[in-house]
Amino acid sequence: MSHPHHRASTRTSLLLVPFIAGLSLSLALGCSSTPKPSPSAKGSLSGVDEHIFLDESIEKNYDPHVIMKRAEAFFERKNYPEAVVEYQHFLDMHRAHVLAPYAQFKLGESHHKMAKTIDRDSSPIQNALEAYQRLLVTYPGSKYEIDALVKIRQCHNWLGEVDLFVGRFYLRQEAYLAAAHRFEHILESDRELDMSPDALYYLAVAYKGLGADEWAREKLIMLAERYPSHARVKQSAALLAGLGGAPRTVAVAQQVGEQTSPPSLPRASQNGNSPDTAFQAGLPHLNGTNGATPPLSAPRIEPAAITSPRSPAPAPVTIETCRLGDWC
């Protein structure tokens, strides 16, 4: 028979075993495991101070360098909506800063990169175009001017592709008047866009669908004159022949370098009536003038000023010089 004192000590030892085992395991894990990175550090960027996103003090919200660092970090992360907010905040607070032209250019780039495809919302391209144009007016002669001009042409081509896409859709639906408005919008300014030859051809097709054959002839002849080597010229010659146009005029226009002056537009149709009379008799409902003589071609719209019509042109800003030691 075992002694009572011995049995009590045995029970105490058995109770201490789980506690000692758990303590040993926790100590081993605490010593051997390496610290895991925090979620914020996992998404951090090289060269970007994460505290600029955490510090909400008023001084930091007005500091131009902190605002610019935040904007650049968002742009690098492809978080373009947030980058737009920060670049615009910088310009609102420090429009005369040495970094202001850069912020204006990056504002346009942020809008530009938010655009998807031509069949989606085109407002990001409109906003980008406005930002690039504002750079040219507000900061003339800046080092970003040439890049802004290249971006402006890209924006105009993008918007032209949108008009061409929508206009062709209207053509397929036989909504010729709506289609003509889209194609005219591409050609209404003096800018030479990549899709201008296609717009001329499809505008002639739309005019033909409206019954305005003389207007269609004018656009087809213009296509042959301006773009004699374009692929659309052969199609335009076939379409012009179907309209009863003058094939000799198109043939002369197709010979590059041989034309000395643009051919005159035929002023009479085959039945002896003037184009104005024929149009007035056939399509009086398009002009809404109850018999008034319409113009031979769509009204010419002068190119818009370089600034957006939404707001007046801002005055040029005098740029501050960067002090030695500042982050510029």
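Predicted model: local features only at pLDDT ≥ 70, side-chain atom pairs only at ≥ 80, totals over all residues.
Q: How many helices and strands are in the protein chain?
A: Helices (H or I, at least four residues) and strands (E, at least two) are DSSP runs, numbered from the N terminus. The protein chain has 15 helices and zero strands.

Q: What percentage of the residues count as buried?
A: Buried means under 20% relative accessible area, exposed means over 50%, and partly exposed lies in between (1.4 Å probe, protein chains only). The protein chain has 328 residues, and 35% of them count as buried.

Q: Among contacts between residues at least 6 apart in sequence, what percentage join residues at least 24 apart?
A: Contact means heavy atoms within 4.5 Å. In the protein chain, 57% of the contacts between residues at least 6 apart join residues at least 24 apart.

Q: How are two packed helices described, and at what angle do α6 and α7 pack?
A: Two packed helices are described by the angle between their axes and the distance between the axes. Axes are lines fitted to C-alpha atoms, for helices over the stretch in contact, and angles run from 0 to 180 degrees between N-to-C directions. Helix α6 (residues 80-93) and α7 pack at about 155°, with their axes 9 Å apart.

Q: Are α6 and α7 roughly parallel or roughly antiparallel?
A: Angles under 35 degrees count as roughly parallel, over 145 as roughly antiparallel, 65 to 115 as roughly perpendicular, and the rest as oblique. α6 and α7 are therefore roughly antiparallel.

Q: Is the crossing of α6 and α7 left-handed or right-handed?
A: A crossing is left-handed if the near helix is turned anticlockwise from the far one by less than a right angle, and right-handed if clockwise. α6 passes α7 in a left-handed crossing.

Q: Which residues of α6 and α7 meet?
A: On the α6 side, they include Y80, Y87, F90 and L91. On the α7 side, they include A100, L107, H111 and K113. By class, the residues of this contact divide into nine nonpolar, four polar and two charged. Ala, Val, Leu, Ile, Met, Phe, Trp, Tyr, Cys and Pro count as nonpolar, Asp, Glu, Lys and Arg as charged, and the others, Gly among them, as polar.

Q: Is E109 buried or exposed?
A: E109 is found in helix α7 (residues 100-113). At 15% relative accessibility, E109 counts as buried. Leaving aside neighbours within four places in sequence, E109 is in contact with F75, Y132 and K151.

Q: At what angle do the axes of α11 and α13 cross?
A: The axes of helix α11 (residues 196-210) and helix α13 (residues 232-243) cross at roughly 20° and come within 10 Å. α11 and α13 are therefore roughly parallel to each other. Their crossing is left-handed. The contact has six nonpolar, two polar and three charged residues.

Q: Where is V205 found, and which residues does V205 touch?
A: V205 is found in helix α11. V205 counts as partly exposed, at 25% relative accessibility. Not counting residues up to four places away in sequence, V205 touches L171 and L239. V205 and S236 are 31 residues apart in sequence, and 9.2 Å apart in space, C-alpha to C-alpha.

Q: How do α12 and α13 pack, and what is the angle?
A: Helix α12 (residues 213-226) and α13 pack at about 150°, with their axes 10 Å apart. α12 and α13 are therefore roughly antiparallel. α12 passes α13 in a left-handed crossing.

Q: Where does K78 lie, and what is its phi?
A: K78 lies in the loop between α5 (64-76) and α6. K78 is not a glycine, yet has a positive phi of about 65°. K78 is exposed, with a relative accessible area of 63%.

Key. Residues numbered from 1 in each chain as written. Heavy atoms only, no water.
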